[in-house]
Amino acid sequence: MEIADPLTLAEFLAENRRGLRLAGFPGGSQGILETLESAWPFEEVTFLVGPEGGLTDEETRLVAEAGFAAVRLVATILRIETAAAAFAAVCAAFITETAHT
C-alpha cells in the first residue's frame, strides 16, 4: 500500500494510473464495499480524497471524465485524513478477506 504525497488535481489526473479508480463523495451512488465487490479482481486501486469543503462542480466533472467512480465511505462527511485512513483500512480488509476465500 502506498499513500502518495499531496498533488494538485491536475497533476493527479495527469498521472498514468491503472486499475480501479475511485473518488470519495458523500453523495456517491454506490457504497465502497459494493464497488469493490463488483470490480473484483483488481490489481490496483486509486482513491481520490477531495479538499475540505469538497470539489467544485468543474473539478467533479474532470474527475468523472478521468474515469473515477464516485463512491461513499460513510453517510457523513469525513475530514481528509480520516477519509484517506478509512479508505485504506476498508480496502486492506476487503482485499485480505477476498483474496483468502
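These legends describe close-up views of a predicted model.

**View 1. Confidence along the chain.**
The predicted chain has an average pLDDT of 89. A score of at least 70 is reached by 99% of the residues. Helix α1, residues 9-14, has the lowest confidence, with a mean of 89. Helix α2, residues 32-39, has the highest, at 95. Where pLDDT is low, predicted coordinates should not be read in detail.

**View 2. An open sheet of four strands.**
In what order do the strands of the open sheet lie? The order is β2-β4-β1-β3, and the pairing is parallel. Strands β2 (30-31) and β3 (45-48) are the edges. Each edge strand pairs on one side only.

**View 3. Strand β4 and its partner β2.**
Strand β4 covers residues 69-72. Two bridges link β2 with β4 in the parallel sense. Follow the pairs one at a time. Q30 has V71 of β4 as its bridge partner. G31 has R72 of β4 as its bridge partner.

**View 4. Strand β4 and its partner β1.**
Strand β1 spans residues 20-24. How many bridges join β1 to β4? There are three, and the two strands run parallel.

**View 5. Helix α2 crosses helix α4.**
Helix α4 is made of residues 80-99. The axes of α2 and α4 come within 11 Å. They cross at roughly 40 degrees. Angles under 35 degrees would count as roughly parallel, and 65 to 115 as roughly perpendicular. The two helices are therefore oblique to each other. The crossing of α2 with α4 is right-handed.

**View 6. Side by side: the residues where α2 meets α4.**
Which residues of α2 meet α4? They are I32, L33, L36 and E37. On the α4 side, the residues are F87, V90, C91 and F94. What kinds of residue make up this contact of α2 with α4? Seven are nonpolar, one is charged and none is polar.

W40 and P41 are joined by a cis peptide bond. Its omega is about 5 degrees. Most peptide bonds are trans. Where is P41 placed? P41 lies in the loop between α2 and β3.

Technical notes:
Residues numbered from 1 in each chain as written. Predicted model: local features only at pLDDT ≥ 70, side-chain atom pairs only at ≥ 80, totals over all residues. Heavy atoms only, no water. pLDDT = per-residue confidence, 0-100. Pairing = 2+ DSSP bridges. Axes fitted to C-alpha atoms, helices over the stretch in contact; angles between N-to-C directions. Parallel < 35°, antiparallel > 145°, perpendicular 65-115°, else oblique. Left-handed = near helix turned anticlockwise from the far one by under 90°. Contact = heavy atoms within 4.5 Å. Nonpolar A, V, L, I, M, F, W, Y, C, P; charged D, E, K, R; others polar.
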